[in-house]
Structure formats: structure tokens, C-alpha cells
Amino acid sequence: MKKLFVLSLAVILTLAFASVSMASTIGVNVNKEWSVSVEKADTDADEIEITGNYGISDQLMLSVGFVTEIDAISLGVRYEFAENAAINFKYYTYDINGIDFSDYYLDVRGKANLSDKIALTGKLGYIRFEDDFDTEDGFEIVGQAEYSFNDFVTANLGASYTEIENSDITKILLGFEFYPTENLTLWVDYSFDADDSDNDCVGIGIEFAF
């Protein structure tokens, strides 16, 4: 049982901690539009997350997703309660060997534009993992600077600290986001574990808005 729980944590730590902050830049704002994203939080892993997003208004966005390999379903909500400040929630549910798992992520995030090219972003999140027999929770802090070279490329550099029960992870984050067209976004993320280089990973993704 403990091995299954550890396996679940390993999978969702990779997915949740990477995909929640993926797309290089931290998503804060909400647009009234449809979009679909396909992302691989770790290129060395088999899991791929496919997510559909729907902006009900300029403040509220809903999302539904699917994670391959573990057949997880995700549900998400983002509410921009003030300009450049939002609450974000994501829930995963899946089954491993007949045991039900549920993972929750709730954060408050914000963005401060220092100029037309430079912005500071960050988030503070609460994480909770549950299965039929056990529960673990913790928190995550992410902060980064974003620099827009032009209308087509944005880079980010930052750090994250995550603590789950008696385990903690500190990572350096580096990413690039590309906008070949108005409706298409591509990104690549590099995540460097400050304590264990075996946990370094590269994430990639694409999103199309319509």
C-alpha cells in the first residue's frame, strides 16, 4: 500500500508541480475564449496531459483534462478576482490497481508589470493527496521574473519550494514561451532540482486558442 501511495506521489508531483506552473509564464489572467493544450511535464515520462479550457467571462475560466498512462481526469477553475490577481484550483482523480486517488491543488497567484517587457509573478499553493487509506498535504511557493523580448518570445527565470509532509523540493525554473501566431503558444520549461540532479526535467507544451 505504501509503495502505491509513493508511486502516486511521484507521478502527481511531476504532473501537478510542473503542469500547474507550466506554460513557462504563470497564468494569472482570464480571457473569454476556448483553448486546448497538450503538455508533457517531463519529457522522460510517458504521461501527457490534454486540457480544454473555457473562459466563461473575463474573470472565470473552467477546465477539463485527461492524463494518459494513469487515466486521470482533471477539473480546474481559475477566478481573477482583481486585475492581475487570481485564485486557481485543480483536482485530479484516478485509479491505480483498484485504489482510488484524489489530488487537490489550490493557489493564489499574482503578477506585477514593472515595464512593457518585465513582469514579476508568483503563487502560493496548498496541495493535498488522498487515497483509500492515507492522506498527505503540503504547500508550494513559486516566484519568477518574466522578460518579453518581443511580441513572439517571453523568457522566465525563477525558483520554487515545495514541502509535502517531511519531504521538500527546491527547484530553479527556466522557461521560454513562443507565440508564432496570435492563437498559438508553444513553451519549453527546464526544472533544476537544487538537491538532486536526478530530478531535473524538461517540460514541453502547446496551446491553441479559438
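Q: How many residues lie between β9 and β10 in their hairpin, and which residue in the turn has a positive phi?
A: Strands here are DSSP runs (E, at least two residues; helices are H or I, at least four), numbered from the N terminus. In this predicted model, β9 and β10 form a hairpin with 2 residues between them. E165 in the turn has a positive phi of about 50°.

Q: What should I know about the numbering and the limits of the model?
A: Residues are numbered from 1 along each chain as its sequence is written. The model is predicted, so local features need pLDDT of at least 70 and side-chain atom pairs count only at pLDDT 80 or more, while totals for chains, interfaces and linings use all residues; side-chain values use heavy atoms, without hydrogens and water.

Q: How many bridges join β9 to β10?
A: Two strands pair if DSSP finds at least two bridges between them. Between β9 and β10 (residues 167-181) there are 12 bridges, and the strands run antiparallel. Across this pair, A155 stands opposite F176 in β10.

Q: Which residue in β9 is the bridge partner of G138?
A: The partner is I164. Strand β8 (residues 135-148) and strand β9 (residues 153-164) are antiparallel and joined by 11 bridges. Their hairpin connects through 4 residues.

Q: Where do the side chains of a strand point?
A: In a regular strand they alternate between the two faces of the sheet.

Q: How many strands make up the closed barrel?
A: The barrel has 12 strands, running in order from β1 to β12 with antiparallel pairing. The twist averages 20° from one strand to the next, with axes taken as lines fitted to C-alpha atoms (for helices, over the stretch in contact) and angles from 0 to 180 degrees between N-to-C directions.
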